[in-house]
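The sequence and structure come first.

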Number of protein chains: 2
Amino acid sequence: MKKVLAFDIGGTKIAYGLIDAGGDFVNEIIKVTTPRTSEGIYELLKTVIKGFYDEIDGVAIATAGAVNNDNNKIISHVGNLPEGYNKLDFISLSDKPIFMENDANSAAWAEFKLGAAKGTKDAVVLTLGTGVGAGIIVNGRLLKGKSGAAGEMHVRFGCGHERKCTCGLWNCLETYVSGNALTTDAKLFMKEDATSYDVIRGLKESNAKARAAFDHWQECLENALVMVGNLFDPEVVVLSGSMAQFVEYKKLNKQANDDILTQPFELKQARFENNAGMLGAALLLLEKIA
Amino acid sequence: MKKVLAFDIGGTKIAYGLIDAGGDFVNEIIKVTTPRTSEGIYELLKTVIKGFYDEIDGVAIATAGAVNNDNNKIISHVGNLPEGYNKLDFISLSDKPIFMENDANSAAWAEFKLGAAKGTKDAVVLTLGTGVGAGIIVNGRLLKGKSGAAGEMHVRFGCGHERKCTCGLWNCLETYVSGNALTTDAKLFMKEDATSYDVIRGLKESNAKARAAFDHWQECLENALVMVGNLFDPEVVVLSGSMAQFVEYKKLNKQANDDILTQPFELKQARFENNAGMLGAALLLLEKIA
């Protein structure tokens with residue numbers, strides 16, 4: 001059975017693990033702190049790959065940033081990784097096949113092949129973390145666009161200038177439905193120094209202001225679901241990321257499907273969490289070298 | 001050379017014409033007022049098809065409403081056509097092949113095969129008329145979704161309740177970037193009874209209020225372009241419909257591409273106007289029976 005070494009490269013941690021052709025992790029997943037220079041990241045990857053060399057048929061990398069359609073380089077800026085990271089020559093890491101894909105796309109592929117969107121042909125996976133990521137499956141394939149960068153959820157949600165986004169623009173969807181957005185709502189509806197944690201705690205204590213903050217956040221999320229429903233007509237919309245656990249699925253599923261113009265979709269929570277990126281990138285590579 | 005009879009069925013007019021395999025209209029295009037009952041529409045189509053029967057290899061219908069993935073029935077409500085229209089048994093119209101597609105999708109296909117998006121694989125065609133329609137090409141195929149209804153631009157542009165949409169929801173993109181939206185801006189920036197026509201006239205006369213109204217409308221359109229750029233990473237975004245002629249392409253192209261996170265796209269005006277729907281539906285059918 002073929003095996004690949006999978007990495008998930010993020011701004012804080014790099015995780016890696018061995019995955020077999022059945023989609024199972026062979027050993028425990030290892031997590032290391034992301035080195036502070038791009039050279040450091042390169043050397044780390046090289047050493048780990050060397051260590052697994054005899055066991056593996058290839059290397060799959062789920063990474064922050066947009067990855068080109070040949071799956072061998074990063075074509076965007078990557079804000080939270082060291083300077084020069086996006087220019088690294090990943091292909092030179094090993095003579096085994098190296099395959100890269102954006103982390104949100106990889107996670108979506110894992111949900112599509114083995115998780116909450118299994119058995120569908122059209123699905124949208126929204127990752128609601130600090131920011132918002134998306135992986136979109138159209139007719140059984142990842143939506144990649146001309147250069148590979150499609151699926152960026154930096155969709156300006158309104159023409160106004162109410163909420164500044166980390167991308168430099170105003171009112172991106174991310175400023176309304178991410179974890180940070182819930183903190184914005186906490187400050188609006190609760191008190192000046194409130195955070196998303198206060199909202200979640202307040203909900204448990206039936207605090208009315210926390211409920212108002214959460215309801216506003218969730219109403220914006222409903223708008224996002226109506227958007228992806230109307231645009232992509234998917235069978236399933238999957239929510240993953242740290243905020244996904246707080247969503248009231250039954251209520252939101254009904255509201256969004258009442259409001260879409262297309263056919264109903266099913267709203268589901270992701271099956272895989274932190275390891276979805278590694279798994280999805282590995283599955284994509286395994287298909288390629290099968 | 002194969003020939004098909006193409007129809008474009010709208011709420012006001014039904015147009016039809018004979019199209020050959022090269023994509024040329026063989027005769028003059030005929031336009032008739034849309035009958036006031038669905039039975040009337042059915043009988044009209046049947047009579048016309050009978051008249052062309054000996055010359056044609058099939059019938060292509062571009063229609064308002066969402067069309068299923070088998071391209072043989074309408075799966076949505078169709079507001080501006082008579083009751084029962086969406087339940088008509090189009091396939092029974094003739095024993096020749098009958099092929100249906102949504103009018104915005106058909107128009108997009110015409111631009112993709114022979115018009116402003118020719119030679120691309122990923123393109124978005126936005127129709128800015130009374131409302132806003134879209135046809136989206138992903139990797140050389142129409143984006144249809146699980147049921148065929150994808151590409152509905154009823155994307156809520158913000159969480160607020162500022163502008164009511166014809167679809168019953170609030171703040172759809174259509175309420176910001178359509179012809180009707182320009183009338184809304186006319187009233188906001190000029191005077192209570194102003195319309196989009198006053199804005200266009202005012203622009204020519206260098207009227208400052210008309211310029212402010214138009215600039216607001218065009219800024220919202222820029223947001224829509226950033227959205228489709230970031231979501232679909234297309235090579236080309238084509239604008240068609242009655243409002244497309246007023247857009248300042250060079251300026252908007254630069255602004256939108258400055259603001260997207262993905263790779264630059266080219267903003268273009270549509271090549272085909274009113275006949276794009278018939279042409280696109282005909283080309284889709286011709287491919288199928290080739």
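The structure is a predicted model. Chain B is superposed on chain A by a rotation of 180° with 0.0 Å of shift along the axis, and the RMSD is 0.0 Å. The two copies are thus related as by a two-fold rotation axis.

The contact draws 45 residues from chain B and 45 residues from chain A. Of the interface residues of chain B, 100% are also interface residues in chain A, so the copies meet through the same surface. The size of an interface is often given as the accessible area lost when the parts come together. Between chain B and chain A about 3,700 Å² is buried, and carbon and sulfur atoms give 59% of this area.

Polar contacts between chain B and chain A number 22 residue pairs, with both residues at pLDDT 80 or more. On the side of chain B that touches chain A, β7 (132-138) and α6 (208-232) of chain B each supply at least two residues. The element that gives the most to this side is α6(B), with 9 residues. Sorted by class, this side of chain B has 22 nonpolar, 12 polar and 11 charged residues.

The interface of chain B and chain A also holds 2 salt bridges. One of them joins A:Lys146 to B:Asp233, with the closest N and O atoms 2.8 Å apart.

**Salt bridges**

Over all chains, the whole structure has 18 salt bridges.

| Lys residue | Partner | Closest N and O atoms |
|---|---|---|
| A:Lys144 | A:Glu101 | 3.1 Å |
| A:Lys113 | A:Glu287 | 3.4 Å |
| B:Lys251 | B:Glu248 | 3.4 Å |

The salt bridge between A:Lys144 and A:Glu101 has its closest N and O atoms 3.1 Å apart. This pair links distant parts of the chain: A:Lys144 is in the loop between β8 (141-142) and α3 (174-177) of chain A, while A:Glu101 is in strand β5 (residues 98-102) of chain A, 43 residues apart. Are these two residues buried or exposed? A:Lys144 is buried, with a relative accessible area of 10%. A:Glu101 also counts as buried, at 2% relative accessibility.

A second pair within chain A is the salt bridge of A:Lys113 with A:Glu287, at 3.4 Å between the closest N and O atoms. A:Lys113 lies in helix α2 (residues 103-114) of chain A and A:Glu287 in helix α8 (residues 276-289) of chain A, so the pair ties together parts that are 174 residues apart in sequence. Here A:Lys113 is partly exposed, with a relative accessible area of 34%. A:Glu287 is partly exposed too, with a value of 42%.

In chain B, a salt bridge joins B:Glu248 and B:Lys251. The relative accessible area of B:Glu248 is 24%, which makes this residue partly exposed. B:Lys251 is likewise partly exposed, at 39%. In chain A, a network of salt bridges links A:Arg211, A:Asp215, A:Glu248 and A:Lys251.

B:Asn86 sits in the loop between β4 (59-63) and β5 (98-102) of chain B. This residue counts as buried, at 16% relative accessibility. The side chain of B:Asn86 reaches the backbone oxygen of B:Ser76 at 3.0 Å. Not counting residues up to four places away in sequence, B:Asn86 touches B:Ile74, B:Ser76, B:His77 and B:Val78.

B:Ser106 belongs to helix α2 (residues 103-114) of chain B. B:Ser106 is buried, with a relative accessible area of 0%. Which residues surround B:Ser106 in contact, leaving aside its neighbours within four places in sequence? They are B:Ala62, B:Glu101, B:Ala276, B:Gly277, B:Gly280 and B:Ala281.

B:Leu45 is placed in helix α1 (residues 38-52) of chain B. Its relative accessible area is 0%, and B:Leu45 is therefore buried. Setting aside residues up to four places away in sequence, B:Leu45 touches B:Phe7, B:Ile9, B:Phe90 and B:Leu93. B:Cys165 is 120 residues from B:Leu45 in sequence and 32 Å from B:Leu45 in space, C-alpha to C-alpha.

Terms used:
Residues numbered from 1 in each chain as written. Chains lettered and ligands numbered in written order. Predicted model: local features only at pLDDT ≥ 70, side-chain atom pairs only at ≥ 80, totals over all residues. Heavy atoms only, no water. Least-squares fit on C-alpha atoms with pLDDT ≥ 70 in both. Contact = heavy atoms within 4.5 Å. Buried area = accessible area lost by both parts, 1.4 Å probe. Salt bridge = Lys/Arg side-chain N within 4 Å of Asp/Glu carboxyl O. Polar contact = N/O pair within 3.5 Å; in protein donor to acceptor, adjacent residues only side chain to side chain. Helix = DSSP H or I, 4+ residues; strand = E, 2+ residues; numbered from the N terminus. Nonpolar A, V, L, I, M, F, W, Y, C, P; charged D, E, K, R; others polar. Buried < 20%, exposed > 50% of the residue type's maximum accessible area, 1.4 Å probe, protein only.
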